[in-house]
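I open these notebook entries with the residues that surround each ligand. Helix packing and backbone geometry follow.

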Amino acid sequence: MSNTNIWKDAAQIDEAIARMADDLSALLERRAIDDALMIGIHTGGVWVADRLHARLGLEAPLGHLDISFYRDDFTRIGLHPQVHPSYLPVGVDDRHLILVDDVLQSGRTIRAALNVLFDYGRPASVTLATLAEREAERELPIAADVVGLRAQLDPGTQIKLSGPEPLVMLLGHTPDKHDQGASA
Ligand SMILES: O=P(O)(O)OC[C@H]1O[C@H](OP(=O)(O)OP(=O)(O)O)[C@H](O)[C@@H]1O
Ligand SMILES: O=c1cc[nH]c(=O)[nH]1
């Protein structure tokens, strides 16, 4: 991202995560779920999940998922992708899962994450929590159950979570191929 500035500072992110934890806790109670397994998506989703997991006091350790090999757009991961191993502390069969990411835009990352999860087994349910959502730019029929911040941004504007400490959100312009050529 070029020309980035801070969009949400550490205090605003903390507040959004606190609201998400309250909403998730109410949702789990409504659905009578008491053994949820939380899973964060690398990279930003793990930072958000880490904080939600601590606030909710969930018993099962936090899992994390790398979706690199399940993406539908390999051009975005480049020639030397940084792939982290996924970690699921318990089996997903018949478990109620909470999938956490930092940004939900097209929905393609979540599609990929669901494919990874269903290669591990058949969960009882999957709840989706995202720190920021760009609902107007959805490309797949995927919606979050819990959202921290809603954003209406111009196309070409990118939100990035920067962390783990302090956790802040940056807003910037993503150079397209033409821009990159001009600046090279
Ligand atoms: O709904 P989508 O359009 O799929 O966008 C959301 C995804 O985009 C970002 O990840 P990115 O692919 O930039 O990789 P990163 O986690 O390494 O930043 C973000 O962390 C989400 O996972
Ligand atoms: O603004 C956006 C959109 C998708 N993914 C991001 O990380 N930020």
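I take helices (H or I, at least four residues) and strands (E, at least two) as DSSP runs, numbered from the N terminus. I note that this is a predicted model, in which local features need pLDDT of at least 70 and side-chain atom pairs count only at pLDDT 80 or more, while totals for chains, interfaces and linings use all residues. Residues are numbered from 1 along each chain as its sequence is written, chains are lettered from A and ligands numbered from 1 in the order in which they are written, and side-chain values use heavy atoms, with hydrogens and water left out.

Entry: ligand 1.

I counted a residue as near a molecule or strand if one of its heavy atoms lies within 4 Å of it. There are 14 residues around ligand 1, and Asp101, Asp102, Ser106, Thr109 and Lys160 come nearest. β4 (96-104) and α3 (108-120) each supply at least two residues of this shell. By class, I find two nonpolar, six polar and six charged residues around ligand 1. Here Ala, Val, Leu, Ile, Met, Phe, Trp, Tyr, Cys and Pro count as nonpolar, Asp, Glu, Lys and Arg as charged, and the others, Gly among them, as polar.

I then looked up polar contacts, which are pairs of N or O atoms within 3.5 Å; within protein, one must be able to donate a hydrogen and the other to accept it, and residues adjacent in sequence count only if both atoms are side-chain atoms. An oxygen atom of ligand 1 lies 2.6 Å from a polar side-chain atom of Asp102. A polar backbone atom of Gln105 is 2.8 Å from an oxygen atom of ligand 1. For the side chain of Lys160, an N or O atom is 2.7 Å from an oxygen atom of ligand 1. The protein buries 80% of the 490 Å² that ligand 1 exposes when taken alone. Accessible areas come from the Shrake-Rupley method with a 1.4 Å probe; for residues, only the protein chains shown count as cover.

Entry: ligand 2.

Which residues are around ligand 2? I find Val103, Gln105, Arg134, Gln158, Ile159 and Lys160. Strand β7 (residues 157-162) gives the most to this shell, with three residues. The shell around ligand 2 divides into two nonpolar, two polar and two charged residues.

A side-chain N or O atom of Gln158 is 3.4 Å from a nitrogen atom of ligand 2. A nitrogen atom of ligand 2 also lies 2.7 Å from a backbone N or O atom of Ile159. In the side chain of Lys160, an N or O atom is 3.1 Å from an oxygen atom of ligand 2. Ligand 2 has 230 Å² of accessible area on its own, and the protein covers 89% of that.

Entry: backbone geometry.

I recall that most residues other than glycine have a negative phi, and most peptide bonds are trans. Between Gly163 and Pro164 I find a cis peptide bond, with omega about 5°. The bond from Glu165 to Pro166 is also cis, and its omega is near -5°. I place Pro164 in the loop between β7 and β8 (168-173), and Pro166 lies in the loop between β7 and β8. Ala32 has a positive phi, near 55°, and its place is in the loop between α1 and β2 (37-41).
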